[in-house]
Amino acid sequence: MTISPDFSAASTAVAAVLAAHLLLGEPWAGRRMYGSLARRRDTEPRALVRYFGLVLALWWAFAALAVAALLLSPGTAAADFGLTAPERPVYVVTGILLVGAIAVASGRNFHDLAKRGKNVPGLAAIEAMLPRTAEERRLAIAVAVTDGLCAELVYRGLLIAFGVGALGLDPYAAAALSVVVYALAGCYQGRQGVFVFALLGAVFTGLYLATGSLLLPAAVHVFLSVRDLTLPAPEKLRAVPAA
């Protein structure tokens, strides 16, 4: 994969502000937001709806800043942010179909385990975000799709381009740095969340570097996010709170 972004001063400023927030502010903000949701989930019926609304607004704001950084740099092409067709379309389409099938199969298995009260890996770390109502389920799907698309644009597309074009890093060094920043975003799930985010970040980054496009990592990210955020809530969370 070869990228050669040429960031303007304005673009560098926008990207630097966003990168600084992702590195320093997002881990703290994410942990605080999720902690607040977990405390209010059983007593405020619309707590998750408001949480999802805020998450959607933040993700699209981050994506807008990433696009602004691209548009403010005449010497930077969309391909430098991964916004291009993959180098091997046939392999990418095959990969998307394969991962989609795996996500559906594993989702059904997890769903069955959750309904029977069995342990689902990682379920406890996100249980406050699991939907109980039809409205929450629709919002969960919207958040999952948004998370997959915007996270790849911001954490893979923007951060790697910023590392190369503004910090002068090798693409692989910039990619490694982006994985570290993404891993910190999992702080709200505890140490295990940081490890899982690091692992997933490495996978998404590897797919991006291998194909030169955000299409495959974004598709895989969306599949996994939709699978996880549509799992049934544990019995203690599915009871409707008293008015």
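**Helix packing and side-chain links**

In this predicted model, helix H2, spanning residues 47–71, packs against helix H4, spanning residues 134–165, at an angle of about 25°, and their axes are 9 Å apart. Angles under 35 degrees count as roughly parallel, and H2 is therefore roughly parallel to H4. The crossing of these two helices, H2 and H4, is left-handed. Sorted by class, the residues that form the contact of H2 with H4 comprise 22 nonpolar, one polar and three charged.

A search of the whole structure finds seven salt bridges, and one of them pairs Glu136 with Arg41, with the closest N and O atoms 3.1 Å apart. Glu136 belongs to helix H4, whereas Arg41 is in the loop between helix H1 (9–40) and H2. The two residues are 95 residues apart, and the pair thus links distant parts of the chain.

A second helix pair can be described in the same terms. Two packed helices are described by the angle between their axes and the distance between the axes. For helix H3 (residues 89–115) and helix H7 (residues 215–229), the angle is about 10° and the axes are 9 Å apart. H3 and H7 are therefore roughly parallel to each other. On the H3 side, the contact is made by Val92, Gly95, Ile96, Val99, Gly100, Ala103, Ser106, Gly107 and Phe110. Helix H7 contributes Leu215, Leu216, Ala219, Val220, Phe223 and Arg227. By class, the contact of H3 with H7 contains ten nonpolar, four polar and one charged residues.

Which residues does Arg227 touch, not counting those up to four places away in sequence? Arg227, which lies in helix H7, touches Ala103, Ser106, Gly107 and Phe110. With Ser106 there is also a polar contact, made between the two side chains at 3.1 Å.

Leaving aside neighbours within four places in sequence, Glu26 is in contact with His21, Phe62 and Tyr155. The C-alpha atoms of Glu26 and Leu184 are separated by 8.1 Å, although these residues are 158 residues apart along the chain.

Terms used:
Residues are numbered from 1 along each chain as its sequence is written. This is a predicted model: local features need pLDDT of at least 70, side-chain atom pairs count only at pLDDT 80 or more; totals for chains, interfaces and linings use all residues. Side-chain values use heavy atoms; hydrogens and water are left out. Axes are lines fitted to C-alpha atoms, for helices over the stretch in contact, and angles run from 0 to 180 degrees between N-to-C directions. Helices (H or I, at least four residues) and strands (E, at least two) are DSSP runs, numbered from the N terminus. Angles under 35 degrees count as roughly parallel, over 145 as roughly antiparallel, 65 to 115 as roughly perpendicular and the rest as oblique. Contact means heavy atoms within 4.5 Å. Ala, Val, Leu, Ile, Met, Phe, Trp, Tyr, Cys and Pro count as nonpolar, Asp, Glu, Lys and Arg as charged, and the others, Gly among them, as polar. A polar contact is a pair of N or O atoms within 3.5 Å; within protein, one must be able to donate a hydrogen and the other to accept it, and residues adjacent in sequence count only if both atoms are side-chain atoms. A crossing is left-handed if the near helix is turned anticlockwise from the far one by less than a right angle, and right-handed if clockwise. A salt bridge is a side-chain nitrogen of Lys or Arg within 4 Å of a carboxyl oxygen of Asp or Glu.
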